[in-house]
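Please open the model in your viewer and keep the selection panel at hand. The stops below are ordered so that each selection leads on to the next.

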Amino acid sequence: MLYQVEVGQLSIGEVVRSHQSIGDADAIALDDESHAYAVALVKGTWAAREGIDAYIADAAQNWRLERIAIVDRLVLRLGIYELLTPAATPPRVAIDEAIELARRYSGDEAARFVNGVLDGVFRRLKEEGKAIE
């Protein structure tokens, strides 16, 4: 959904309405609770992207945000949103999931990059008292 918003320049509402009706026919259909959770993550991530992007820019030294591959940037945004959202997903699980998404959709090098950035952001959030282990 985040990719459709970023690349397709669709609104969050358009993406949410069309999410269940497009995509891979072999994809696993989400139950209502899982779909609602995915929608909440997408809406929250998109709404908080400016603040999240500041964390990415700080942790991804020598990389301008717009130079980071779109999929990698979206995975980072989602992962950081989960780190910032209390009681959503345990931090280590959120980081592991983001690494796996990056590996699946971008490759091993992207997974290492995402791991490094998220690890740096997580350390900063702990120092700021905004994340717990």
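This is a predicted model: local features need pLDDT of at least 70, side-chain atom pairs count only at pLDDT 80 or more; totals for chains, interfaces and linings use all residues.

Begin by selecting the largest nonpolar core, which has 38 residues, where a nonpolar core is a set of buried Ala, Val, Leu, Ile, Met, Phe, Trp, Tyr and Cys residues joined through side-chain atoms within 4.5 Å. Buried means under 20% relative accessible area, exposed means over 50%, and partly exposed lies in between, with a 1.4 Å probe and protein chains only. Within this core, the residues with the most contacts are Ile56, Leu83 and Leu118. The elements that give two or more residues to the core are helix H1 (2-8), helix H2 (12-18), helix H3 (32-47), H4, H5, helix H6 (91-105) and helix H7 (108-127), and H7 gives the most, with nine residues. In soluble globular proteins, nonpolar side chains tend to be buried together.

Residues are numbered from 1 along each chain as its sequence is written, and side-chain values use heavy atoms, with hydrogens and water left out.

Now colour by secondary structure: the protein comes to seven helices and zero strands, helices being DSSP runs of H or I with at least four residues and strands runs of E with at least two, numbered from the N terminus. Of the 133 residues, 40% count as buried. Among contacts (heavy atoms within 4.5 Å) between residues at least 6 apart in sequence, 62% join residues at least 24 apart.

Next, select helix H4 (residues 49-59) and helix H5 (residues 70-84). At what angle do their axes cross? The axes come within 9 Å and cross at roughly 105°, where axes are lines fitted to C-alpha atoms, for helices over the stretch in contact, and angles run from 0 to 180 degrees between N-to-C directions. H4 and H5 are therefore roughly perpendicular to each other, a class that covers 65 to 115 degrees, with angles under 35 counted as roughly parallel, over 145 as roughly antiparallel and the rest as oblique. Show the side chains of Arg49, Ile52, Asp53, Tyr55 and Ile56 in H4, which meet Arg73, Leu76, Arg77, Ile80, Tyr81 and Leu84 in H5.

Stay in H4 and centre on Asp53, which counts as buried because its relative accessibility is 13%. Its side chain makes a polar contact with the side chain of Arg77 at 2.8 Å; such a contact is a pair of N or O atoms within 3.5 Å, and within protein one must be able to donate a hydrogen and the other to accept it, while residues adjacent in sequence count only if both atoms are side-chain atoms. Leaving aside neighbours within four places in sequence, Asp53 is in contact with Leu65 and Arg77.

Move to Val39 in helix H3, which is buried with a relative accessible area of 9%. Val39 touches Met1 and Val16, not counting residues up to four places away in sequence, and the C-alpha atoms of Val39 and Val16 are 6.7 Å apart although the residues are 23 apart in sequence.

Finally, visit two loops. Gln9, in the loop between H1 and H2, has a positive phi near 55° and counts as exposed at 69% relative accessibility. Asn62, in the loop between H4 and H5, has a positive phi of about 70° although it is not a glycine, and Asn62 counts as exposed at 81% relative accessibility.
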